[in-house]
Amino acid sequence: QAVGAERADLGAHPIEREPHRTSLYLDLAEIYESVGYEDEAERVLRQALAAAPGARDAYERLIAHFRRLRQYDRAVPIAEEWGRSEPASADPHVALAWLYLYHPAATLEDRLAFVTRGLAAADAELAAQAALTGDLRHPYYHWWLGVLEAGRVLFAGRLEQRETLHQGPV
């Protein structure tokens, strides 16, 4: 009887055997997308989030799924949920900022608010990297922090700061 149980287990769908393994859901969703079964792909990606809450790769794939379909209004709540599940991470805020940049129905005020929120997260990340770089005292990290700070200053249009950018070791 034990042999029969093993055979039954081997015959079970891999997701049934390992329901918390998000890669199985993501692979299945990719198969559905490749054959044009968009609704099934969405269903499986949502199952991945339910099975493993906070799964970064599942959030990224579901957002990418809606972006590919140009259904930005459906991707925005997913990015917002991701941001609530990982408040210290800049990635959900960056994803949300990109969605609002391309979202055709969003107002300019909505776009500006979300881009501003994403930039605030990027600034916080730069501050954390600056503290870590100071502790590590490695020339490469000082150089790379300077590159990131320069990009952030240019992106913000603060050209008057270009002369005072990172003066550390090169």
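Me: Which residue forms a salt bridge with Arg21, and how far apart are the closest N and O atoms?
Reply: The structure is a predicted model. A salt bridge requires a side-chain nitrogen of Lys or Arg within 4 Å of a carboxyl oxygen of Asp or Glu. The partner of Arg21 is Glu18, and the closest N and O atoms are 3.2 Å apart.

Me: Is Glu18 buried, partly exposed or exposed?
Reply: The partly exposed class lies between under 20% for buried and over 50% for exposed. Glu18 has a relative accessibility of 36%, so Glu18 counts as partly exposed.

Me: What is the relative accessible area of Arg21?
Reply: Arg21 is the salt-bridge partner of Glu18. Arg21 is partly exposed, and its relative accessible area is 38%.

Me: How many salt bridges does the model hold?
Reply: Side chains of opposite charge can pair when their charged atoms come close. With the 4 Å cut-off between nitrogen and carboxyl oxygen, the count comes to 10 salt bridges.

Me: How many residues apart in sequence are the parts tied together by Arg68 and Glu33?
Reply: Arg68 forms a salt bridge with Glu33, with 3.6 Å between the closest N and O atoms. Arg68 lies in helix 5 (residues 56–68) and Glu33 in helix 3, so the pair ties together parts that are separated in sequence by 35 residues.

Me: Which of the two residues, Arg68 or Glu33, is buried?
Reply: A residue is buried when its relative accessible area is under 20%. Arg68 has a relative accessible area of 46% and is partly exposed. At 18%, the buried residue is Glu33.

Me: Why are Glu60 and Arg56 separated by about one helical turn?
Reply: Glu60 and Arg56 form a salt bridge, the closest N and O atoms being 3.7 Å apart. Glu60 is partly exposed at 38% relative accessible area, and Arg56 is partly exposed at 32%. Both belong to helix 5, and the separation is about one helical turn because they are 4 residues apart.

Me: How are helix 3 and helix 4 oriented: roughly parallel or roughly antiparallel?
Reply: Helix 3 (residues 22–34) and helix 4 (residues 38–51) pack at an angle of about 170°, and their axes are 8 Å apart. Angles over 145 degrees count as roughly antiparallel. Helix 3 is therefore, relative to helix 4, roughly antiparallel.

Me: Which residues of helix 3 meet helix 4?
Reply: On the helix 4 side, the residues include Glu38, Ala41, Val44, Leu45 and Ala48. From helix 3 they are Thr22, Tyr25, Leu26, Leu28, Ala29, Tyr32 and Glu33.

Me: Which helix gives the largest share of the nonpolar patch?
Reply: The patch of about 680 Å² is made by Leu132, Leu136, Tyr140, Tyr141, Trp143, Trp144 and Val147. Two elements give two or more residues to the patch, helix 8 (108–136) and helix 9 (139–156). The largest share, 5 residues, comes from helix 9.

Me: Where is Arg70 placed?
Reply: Arg70 has a positive phi of about 60° although it is not a glycine. Arg70 counts as exposed, at 64% relative accessibility. Its place is in the loop between helix 5 and helix 6 (72–85).

Me: What is the phi of Arg137?
Reply: Arg137 sits in the loop between helix 8 and helix 9. Arg137 is exposed, with a relative accessible area of 68%. Arg137 is not a glycine, yet its phi is positive, at about 55°.

Me: How many helices and strands does the protein have?
Reply: From the N terminus on, the elements run α-α-α-α-α-α-α-α-α. The secondary structure comes to 9 helices and 0 strands.

How values were computed:
Residues are numbered from 1 along each chain as its sequence is written. This is a predicted model: local features need pLDDT of at least 70, side-chain atom pairs count only at pLDDT 80 or more; totals for chains, interfaces and linings use all residues. Side-chain values use heavy atoms; hydrogens and water are left out. Patches are made of residues with over 30% relative accessible area and no salt bridge: like charges are joined within 9 Å, nonpolar side chains (Val, Leu, Ile, Met, Phe, Trp, Tyr) within 5 Å. Accessible areas come from the Shrake-Rupley method with a 1.4 Å probe; for residues, only the protein chains shown count as cover. Axes are lines fitted to C-alpha atoms, for helices over the stretch in contact, and angles run from 0 to 180 degrees between N-to-C directions. Angles under 35 degrees count as roughly parallel, over 145 as roughly antiparallel, 65 to 115 as roughly perpendicular and the rest as oblique. Contact means heavy atoms within 4.5 Å. Buried means under 20% relative accessible area, exposed over 50%, partly exposed in between (1.4 Å probe, protein chains only).
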